[in-house]
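Subject: Structure handover and notes

Hello,

Here is the structure you asked about, with my notes below it. Please have it open while you read.

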Amino acid sequence: MPFRHVLITGASAGLGAAFARVLARPGAVLHLGARRAEALAAVAEDCRARGASVTTRLVDVRDAAAMADWVRGAGRLDLVLANAGVSAGTGTAQEQDARVRLIFETNLTGVLNTALPALEVMAAQAPGEDGWRGHVAVVSSIAGFVAAPTAPAYCASKAAARAWAEARDATERRRGLRVHALCPGFIRTAMTADNPFPMPWMMSPEVAARRALAGIVAGRTRIAYPRRLYALTRLTGALPPGLLNRLMMLAPGKPAG
Ligand SMILES: NC(=O)c1ccc[n+]([C@@H]2O[C@H](COP(=O)([O-])OP(=O)(O)OC[C@H]3O[C@@H](n4cnc5c(N)ncnc54)[C@H](OP(=O)(O)O)[C@@H]3O)[C@@H](O)[C@H]2O)c1
């Protein structure tokens with residue numbers, strides 16, 4: 001793994017914690033951020049036990065100034081994982097306005113608050129052992145390929161984050177940087193624990209983290225997996241929106257949170 005200096009948002013649980021544990025080894029320098037102190041400290045301890053040097057920061061990704069301060073002060077960064085995210089569905093009614101705003105502020109503005117200062121830091125540093133100055137990986141979702149009427153803000157926030165990351169990768173390559181869009185399917189975390197619908201090909205957080213990292217190392221811009229779910233989602237997402245809405249409204253929706 002060519003990444004020694006790594007910064008991860010949303011590292012206190014789920015996929016972010018799995019990224020931290022998978023990357024933790026002697027020589028690794030991990031910068032882990034989240035809002036819950038106790039949960040973050042526990043992940044940091046696990047990583048230290050695996051030989052990594054770890055710093056933690058209690059930070060809300062929606063706070064642009066605090067994020068810029070953290071990212072700029074971290075020193076060299078080979079990989080930044082913009083992972084923090086929230087989800088909610090419609091439940092049995094409409095999305096709540098406050099939830100819509102929270103989802104976009106976390107999943108889209110929070111990603112930009114992480115990625116923009118990270119790209120600035122990376123552009124000024126020497127290339128790493130893989131020849132790139134640095135990699136930013138934005139955690140989108142396979143949900144970003146379908147505008148599900150049961151989770152409008154979540155799907156739209158993930159679609160926007162993915163589109164931004166994929167398009168930005170082209171111009172960032174010119175200055176020796178990479179931007180990747182990670183689009184996992186269902187992962188067994190708190191985010192999916194209450195989903196009342198079938199979740200085919202569910203992955204453990206560790207498997208999801210390893211597959212994402214393998215895709216980054218392989219140099220892929222879009223890393224979407226598992227492949228069968230990705231193919232199914234692309235087909236579903238190609239349906240006319242009226243038909244898609246009618247079909248998807250037959251299934252139980254994601255809880256409002
Ligand atoms: N689970 C899935 O099936 C799935 C599938 C595809 C993509 N994803 C994406 O994967 C990412 C991680 O999700 P997960 O499944 O691991 O969910 P999770 O277990 O609920 O973890 C979410 C993480 O994000 C952090 N977070 C949330 N809001 C934050 C904020 N405002 N500021 C800083 N940190 C914040 C949380 O930490 P604190 O609460 O301590 O701040 C936590 O560490 C998300 O972007 C999600 O959309 C998940």
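Leaving out residues up to four places away in sequence, Ala 143 touches Ala 148, Ala 151, Tyr 154, Cys 155 and Lys 158. Please keep in mind that this is a predicted model. Ala 143 sits in the loop that runs between strand E5 (134–139) and helix H5 (152–174). Is Ala 143 buried or exposed? It counts as buried, because 23 other C-beta atoms lie within 10 Å, and the cut-off for buried is 20 or more. Ala 143 also has a C-alpha to C-alpha distance of 10.0 Å to Arg 234, although the two are 91 residues apart in sequence.

Ala 148 turns up again at the end of helix H8. Met 248 belongs to H8, which covers residues 241–248. Apart from neighbours within four places in sequence, Met 248 is in contact with Ala 148, Pro 149 and Thr 150. Met 248 has 18 C-beta neighbours inside 10 Å and therefore counts as partly exposed.

Overall fold

The protein chain contains 8 helices and 7 strands. Its radius of gyration is 18 Å, close to the 18 Å that the globule rule gives for 257 residues, so the chain is as compact as a globular protein of that length. Along the principal axes, the C-alpha atoms fill a box of roughly 50 × 40 × 35 Å. Of the 257 residues, 46% are buried. If you take the contacts between residues at least 6 apart in sequence, 69% of them join residues at least 24 apart.

The nonpolar core

The largest nonpolar core has 75 residues, and the members that touch the most others are Ala 20, Leu 30, Ala 137 and Val 138. Helix H4 contributes the most to this core, with 8 residues. What does Ala 20 touch, not counting residues up to four places away in sequence? The list is Ile 8, Ala 11, Leu 30, Leu 32, Val 43 and Cys 47.

Around the ligand

The ligand is surrounded by 30 residues, of which the closest are Gly 10, Gly 14, Arg 35, Arg 36 and Gly 85. Helix H1 (14–23) and helix H4 (97–123) are the elements that give two or more residues to this shell. H1 gives the most, with 3 residues. By type, the shell has 13 nonpolar, 13 polar and 4 charged residues.

Helix H3

Which residues of helix H3 (residues 64–73) are buried? They are Met 67, Trp 70 and Val 71. These three lie on the same side of H3, because they cover an arc of only 90 degrees around the axis. That buried side packs against strand E1 (5–9), strand E2 (29–34), strand E3 (53–58) and H4. On the face turned away from it, H3 carries the exposed residues Ala 65 and Gly 73. After H3 comes Gly 75, with a positive phi near 85 degrees.

Backbone points to check

Most residues other than glycine have a negative phi, and most peptide bonds are trans. Two places in this model deserve a look with that in mind. Trp 201 is not a glycine, yet its phi is positive, at about 55 degrees. Trp 201 lies in the loop between strand E6 (177–184) and helix H6 (205–217). It counts as partly exposed, because it has 13 C-beta neighbours inside 10 Å. The other place is the peptide bond from Tyr 225 to Pro 226, which is cis, with omega near -10 degrees. Pro 226 is in the loop between strand E7 (222–225) and helix H7 (227–237).

One more residue in helix H6 is Ala 214. With 13 other C-beta atoms within 10 Å, Ala 214 is partly exposed. Its C-alpha atom is 23 Å from that of Met 199, which is 15 residues away along the chain.

Regards

Technical notes
Residues are numbered from 1 along each chain as its sequence is written. This is a predicted model: local features need pLDDT of at least 70, side-chain atom pairs count only at pLDDT 80 or more; totals for chains, interfaces and linings use all residues. A residue is near a molecule or strand if its C-beta atom, placed from the backbone, lies within 6 Å of it. Helices (H or I, at least four residues) and strands (E, at least two) are DSSP runs, numbered from the N terminus. Ala, Val, Leu, Ile, Met, Phe, Trp, Tyr, Cys and Pro count as nonpolar, Asp, Glu, Lys and Arg as charged, and the others, Gly among them, as polar. A residue is buried if 20 or more other C-beta atoms lie within 10 Å of its own, exposed if 12 or fewer, and partly exposed in between; C-beta atoms are placed from the backbone. The arc is that of the directions from the helix axis to the C-beta atoms. Two residues are in contact if their C-beta atoms, placed from the backbone, lie within 7 Å. The radius of gyration is taken over C-alpha atoms; the globule rule is 2.2 Å times the number of residues to the power 0.38. A nonpolar core is a set of buried Ala, Val, Leu, Ile, Met, Phe, Trp, Tyr and Cys residues joined through C-beta atoms within 7 Å.
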